[in-house]
Amino acid sequence: MRRLGPFVLEPRLSPSRAAVLGVSLGAVVFALLLAAAVFYGYGRNPWQAYAQIGRGVFGSWPSFSEVLRRAIPLILCGVGLTLAFRAQFWNIGAEGQLLAGAVAATGVALFLPVPEGWRLPLMFLCGFLAGGLWAVIPALLRVKLAVNDVISTLMLNYVMAYIVEWLVHGPWKGPTMRGFAYTDRFPLTAQLGWLPGTRVHWVTLALGVVLALGVAFLLARTRLGYEIRVAGQNPEAARYAGINFTAVFALVMLLSGGLAGLAGVGEVAGIHRMLRSPSHISMGYGYTAIIVAWLARGNPLVAVFTALFFGLLFAAGDHMRIALGLPFQIVGVFQGLIFFCLIGFEILLSWRVGLARKGRAWSGQIGS
Amino acid sequence: MVWADWLVSTVSRALAFGVPLLWGTLGEISAERSGVINLGVEGMMILGAFTAFAVAFQTGSPGLGLLAAAGVGGVAALFHAFLSVTLRANQYVSGLALSIFGLGLAGLLGRGWEGKPLAATLPSLALPGLSRIPVVGPMLFQNQTVLTYIGIVLAFLLWLLLFRTRWGVAIRSVGESPATADALGINVTLVRYLCVVFGGLLAGVGGGYLSVAYRPAWTEGMTAGMGWIVIALTIFAAWDPLQAIWGALFFGALYHLSYRLQAFLAPELLKLMPYLFAVVVLALSGFGGARWRRRAPGALGVPYVRGER
Amino acid sequence: MKRILAVVLAVVALGTVAVAATKIKAGFIYVGPIGDYGWTYAHDMARRIVDAKYDWLETVYVESVPEGEVETYIDLLVRQGCNVIFTTSFGFMDGTLAAAQRYPDVIFAHCSGFKRWANMATYMADFYQVYYLNGLMAGALTKTGKIGYVAAFPIPEVKRHINAFTIGVREVNPTAEVHVRWIYEWYNPAAAKEATEALIAEGCDVFAFTEDSPTVVQVAAERGLPSFGHYSPMYVFAPDYVVSGQLVHWEKIYEDFLLKVYNGVYTTRNLAHVDYWWLLAQGAVEVGADFGMVINPKWEPFFKEYVIAHPVFGRISVYDLVYIRLNQMADPGVTFDPFQGPVYDRKGNLRVPEGMWLSYDSLITMEWAAAGIVGPWPGEP
């Protein structure tokens, strides 16, 4: 029993699903209230603002489709990250793995002489491998050389971003781009189609949902899934059971990075149809996906829905800027608030909170 | 003497560019030594940059601006400490959120401040006597502000604090094994709060240096990724304040050389080096030789709950 | 100049009383933040000027739009009721074209690109003449014979500017060199600062640049070295050292375009050949340290006393030379162009034959480096 201000906390061993959902929703509502204060500060009536955003996002199929489009990379990266997080591997590197996939897809789209019918499937395959192999590096570094996974994956994001910069300024600069730093446009056979009236590259979306199911099956029903969970939850027991850590972590990261790589393929083949500066390819999808996976508590199917939620936030950000005419930085402030609230409310899951009765003995220091 | 020219300009520029890196890194070392990783450096630095500029512009005093920047960096770090120490939230997510939030907030507050010239900038010192020494003078004692020297002195002081005092033992034991420290009667929460907030103060000054000294003006997003180089540098320096000096110099020199060597090497490939080095150095330390030994504090990134292990 | 333009506009307005739109809602899509004090800042200043001038005009803008997202924002602006949309980055080109085909009833104008459509025009205010004038001054200013140029990206636009600048430098100082460093970013103060420092270390003592912040001006001034501002008036950042610079008046183009839309001259069916390439003569760009200040008064005596032997004008002060060339290019008749043959590249190839001017197409696809340029030059033919 601990006290925190006027509250007492009791440890909660395994929170129920209802508690998780309730607390997460509570966090979002709290964040929306904080953001309402920001709207108010800008002279907007918060409730009208929310109504306007809601009408904007849900008002028509084309505008709602933007939620789906933004969710595509988040689903793929997020599902991949749930896999890594289940193995207790902190993969912060989805951003770089996404870019690696985009690079490989561009290579296949522009430079590989293959039959045109094979081009798109090959782009997905190579994008998967590139993202996966880029992610295997930190896996091996951790297993073999005890290198901190958070730091190595984070650093490799920047390495890959500069590699993309170098490619578009240097060897891959497109001759048809009049000297600007872009590759040439992909041929039509390397472009993904859209759902009519939208920009939803549905092949990647379908792939994301199918792979989410696949990863869920892998985790719940296969021997590998069992090994992943044991290696993550109880490394001692896993070692005792003779699980090959190198193989498990390498495979986990190959899949995790591979899924992010597929997201990169989808972005270049479905949206940009070329390789360009990394900050324009990914709107920080790889970083947002960390929250997507974390919020889904490592459950790949739930990650599909949390990804949709963040896709909704991205789309809402667009409406905040245009319909409400708020400065673009407000989107960052808004996102930051939601992240803060989500992780801050986490304590309610590990601790049951009650009001302290007067006169009860002080039973422990805050947080120590 | 062409080599002397190269040496002088490279070291001198490395020092000047290295200042924000050094201040930020010393702050991050302080936080990480106590077991709290703060990925919000970019956010704290940009808030510091805006605050320093706005306060210096209004008051005419760059010193006040830097103090205010330190304060704002400290408050931002306090927020991170509250989330990660008291609420035991995920430190990585909290830090990332702080970076996103800080960039947004600084940009929001800074609207309308761009394009204003700052009359009260932090002056470059020409140390009497020292700046006249051939080669060494222009290399170390010209075109530097007082923050260069304070930063270096601070690195020595932080090293003394961490490795030569009882406080340092307390901080490091909290970072290595909070349960043991707790058992020894050290207030884990207090130590972590102090270290994280101190780190925020330094990051704020590092950001402030950018807007009142290095390039006196405010522009949206002016830290341009420096906070992430700080994270890399902290690892590169093996969580050691003295090595942070060399690390900041080295990264500063790399940045400068990416423009001097442009005819021979693509600048992007030089710019990715700091991040690559951070990984390589960690990997080398994994081979175990004492020479390359670089180990993160044992409890880095792990919230402490009494009674758990 | 302004008066001439106003008259021209008035004539246009009177001549086409045809079908006038009742109200125009113009949307502006920017790639950077309006606080960049460079490219986007200048476009937004122009938007505000035009918006304030006409009550039939309403404007909205979105800033910091990633290049791949332009279509999303066009969709939102169209849904908001915009009937004219300006997109201001080369990277928006394909997205704008796709949107133009999707919304045939909306008028689009894309800045700095080359693809047009029945309802999509292109526009650009270019600085090359202004850089040439700055080059004339820089040639006189350098004592070391080395002039530094901090450049953003090695693209034809920037290469054209460096070439024009270098041609100006060499007209006054035939042995001077222009040392170039690329920062591969439109906006990065730290990169601009270190690139300037690298050039100072190489002995450069006068600076020009392409980057969206006053960094180069400030760094040069710290060392007591003269420089030329870029894009926005940078006189205030170093009143003693900003000699002149390049200034833009996007409002001239926006005003002309929107008036023609308002008056029914431009419709959704006749824009396929509308391409604004506006220079000094149209008033879209200006040479100066600040608006209305061609040469910083502190430096005027220097240029008046600096006399050279010119192949055309004989003995002439650089001050007079600058004004003669300025008038030749600002005159609606335009009797001079910086790329007037013979012009050789730095490999010795003749790029512009004797007496010829470069065509528009050659200007906008320029990859070669003029004689006198030192340093890496990606994509050099």
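Me: Buried area is the accessible area (1.4 Å probe) that two parts lose on being put together, summed over both. What is the area buried between chain B and chain A?

Reply: The size of an interface is often given as the accessible area lost when the parts come together. Here the area buried between chain B and chain A is about 4300 Å², and carbon and sulfur atoms give 77% of that area. This is a predicted model, in which local features need pLDDT of at least 70 and side-chain atom pairs count only at pLDDT 80 or more, while totals for chains, interfaces and linings use all residues. Residues are numbered from 1 along each chain as its sequence is written, chains are lettered from A and ligands numbered from 1 in the order in which they are written, and side-chain values use heavy atoms, with hydrogens and water left out.

Me: How many residues does the contact take from chain B and from chain A?

Reply: Contact means heavy atoms within 4.5 Å. Chain B contributes 46 residues and chain A contributes 43 residues.

Me: How many salt bridges and polar contacts does the rule find between these chains?

Reply: A salt bridge is a side-chain nitrogen of Lys or Arg within 4 Å of a carboxyl oxygen of Asp or Glu. Between chain B and chain A there are zero salt bridges. A polar contact is a pair of N or O atoms within 3.5 Å; within protein, one must be able to donate a hydrogen and the other to accept it, and residues adjacent in sequence count only if both atoms are side-chain atoms. Five residue pairs (both at pLDDT 80 or more) are in polar contact between chain B and chain A.

Me: Which elements give two or more residues to the side of chain B that touches chain A?

Reply: Helices (H or I, at least four residues) and strands (E, at least two) are DSSP runs, numbered from the N terminus. The elements are helices H3 (62-86), H4 (91-109), H10 (226-236), H12 (267-271) and H13 (273-286) of chain B. H4(B) gives the most to this side, with 12 residues.

Me: Where are the domains of chain C?

Reply: Domain bounds come from an automatic or database domain assignment. Chain C has domain 1 (2-126 + 249-282) and domain 2 (128-247 + 285-374). Their centres, taken over C-alpha atoms, are 29 Å apart. The contact takes 16 residues from domain 1 of chain C and 29 residues from domain 2 of chain C.

Me: Which side chains meet in a salt bridge?

Reply: The rule finds one salt bridge across the interface of domain 1 of chain C and domain 2 of chain C. The side chains of Arg160(C) and Asp126(C) form a salt bridge (2.5 Å, N to O).
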